[in-house]
Amino acid sequence: MFGTTANHLKGLLFASFVAALPLGAQQPVTDAALQAEIDKRTAAIADKVTAWRHDIHQHPELGYQEKRTAALVAAHLRALGLEVQENVGGIPGVVGILKGGKPGPTVALRADMDALPVTEQVDVPYKSMVRTVYNGVETGVMHACGHDMHTAMLMGTAEVLAGLRARLPGTIKFLFQPAEEVPPRGGAQPMIDAGVMTGVDGVFGLHVGPGPLGAMSYRSGSISAAADTWKIIVRGRQGHGAFPSAAVDPIVVSAEIVSAIQTIVSRSLDLTTGPAVVTVGAIHGGLRENIIPDSVWMIGTIRTFDPKARETVAKRLTQLAQKIAEAHGATAVVDVVPGYGSTINNTAMVSTFSQTLKRVGTNAGVFESKAGSMAGEDFSRFAEKAPGFFFNLSVTPTTVELFGVAGNHSPLFQGDDKALPIGVRAMSTLAVDFLVSGGIPRVP
């Protein structure tokens with residue numbers, strides 16, 4: 001669900017990111033011979049990674065339904081000689097464990113596998129034609145957030161590192177997670193409850209999004225917002241559309257609520273503590289033109305960085321909906337469900353292993369972002385269990401104009417296959433540098 005917003009993208013293009021070395025940063029321990037092998041092996045499997053991505057993209061699966069994708073992943077990991085665990089957490093989670101030939105720490109690498117209820121509008125040979133019914137509406141299914149790329153890249157990373165196992169000092173866990181797009185529980189928590197983070201000393205993840213092809217960005221601290229969900233049911237009194245005075249119109253009430261909650265961020269929050277967003281994602285009520293319905297439901301999301309703001313938004317959302325409904329003789333039931341917390345990148349991980357990204361990055365650059373994304377991520381839950389480092393990889397094809405480019409969750413979202421080897425090389429090198437460094441080096 002992570003993505004690059006238009007403002008974030010503009011900041012990238014206009015160098016609102018700074019590439020200065022963080023204070024106190026130190027270089028990770030590296031192994032030149034292993035790096036050369038990573039580069040060689042990544043290039044050798046580029047076509048395979050692309051084929052996996054196309055196959056997964058053409059056969060997208062919604063959260064908790066990723067059985068085909070999980071089977072593809074598990075078969076590949078098993079063919080590499082890894083210890084494989086399937087149906088982890090009682091969901092289609094897959095874990096591959098690669099034990100190196102030498103003792104050392106344990107590092108986890110994570111990819112999410114689920115798609116979205118979006119009808120694809122990009123004309124590519126591997127375009128998704130899958131259809132489903134979601135929330136009572138027929139729709140297409142599409143990897144509109146790039147999880148097909150995440151999965152293919154981690155499959156490639158597993159193959160690269162499996163070929164180096166005898167020379168690796170430690171253990172690598174490959175975490176293929178379902179249902180990232182299904183808050184508030186998501187797919188990370190069931191896998192964590194099943195013990196996948198036991199003994200893990202550090203965890204890495206990446207997310208693709210729009211921007212100059214091959215550019216990578218990161219930041220210390222919060223890199224994504226807390227993401228909560230809400231639902232409001234407005235109940236009025238059904239009646240004839242010609243006689244509204246004899247009814248209580250929940251559509252009119254809902255319209256007023258939608259307008260009013262837009263003031264929460266601008267009038268109830270101290271935005272110097274961090275940005276916030278309240279979005280209405282869907283609203284439904286009524287069946288025909290001359291009937292005032294008895295109820296309307298709407299759902300949406302809350303995005304915050306500050307814990308106090310998170311609490312305030314939920315409180316004000318409830319107050320506004322209930323009081324507006326009451327003023328019109330209606331009622332409103334409000335349910336705010338806490339979801340993913342803010343993804344917090346560990347300072348020592350970023351300070352050290354951002355240098356790895358800079359070493360293996362392309363001419364497009366590797367940048368430190370000034371601000372986190374309003375998107376949510378349940379990678380946050382992995383990062384609560386071990387020091388984490390989550391970063392972004394830009395994947396817009398060079399043939400696409402960057403200004404106004406479609407972002408994640410759009411039916412026009414595009415990811416260039418040329419970005420796949422960049423992600424494989426980055427994740428492979430991060431894992432190796434972490435192991436060779438003995439974990440997280442102490443920052444002076």
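What does the protein average in pLDDT, and what share of the residues score at least 70? This is a predicted model, and the protein averages a pLDDT of 93, with 93% of the residues scoring at least 70.

Start by colouring the chain by pLDDT. Select residues 4–23, where the pLDDT is below 50. In the model this stretch has 39 contacts beyond near neighbours in sequence. Where pLDDT is low, the predicted coordinates should not be read in detail.

Next, show the aromatic side chains. There are eight aromatic pairs in the model. Select Phe204 and Phe353, an edge-to-face pair with 5.7 Å from centre to centre and 90 degrees between the planes. Phe204 belongs to strand β7 (residues 202–209) and Phe353 to helix α10 (residues 347–360), so this pair ties together parts that are 149 residues apart in sequence. Phe204 is buried, with a relative accessible area of 0%. Phe353 is buried too, and its relative accessible area is 0%.

Move on to Tyr218 and Phe389. Their rings are also edge-to-face, at 6.2 Å centre to centre, with 80 degrees between the planes. Tyr218 is in strand β8 (residues 216–218) and Phe389 in strand β18 (residues 388–394); the pair links distant parts of the chain, 171 residues apart. Both Tyr218 and Phe389 are buried.

Ring pairs link Phe204, Tyr218, Phe353, Phe389, Phe391 and Phe434 into a cluster.

For the last stop, select Lys231 and Trp297. What lies over the face of Trp297? Lys231 does, at 5.7 Å from the ring centre.

Notes:
Residues are numbered from 1 along each chain as its sequence is written. Side-chain values use heavy atoms; hydrogens and water are left out. pLDDT is the predictor's confidence in each residue, from 0 to 100. Contact means heavy atoms within 4.5 Å. Rings of Phe, Tyr and Trp (its six-membered ring) pair if their centres lie within 6.5 Å; planes under 30 degrees apart count as stacked, over 60 as edge-to-face and the rest as tilted. Helices (H or I, at least four residues) and strands (E, at least two) are DSSP runs, numbered from the N terminus. Buried means under 20% relative accessible area, exposed over 50%, partly exposed in between (1.4 Å probe, protein chains only). A charge sits over a ring if NZ of Lys or CZ of Arg is within 6 Å of the ring centre and within 35 degrees of the ring normal.
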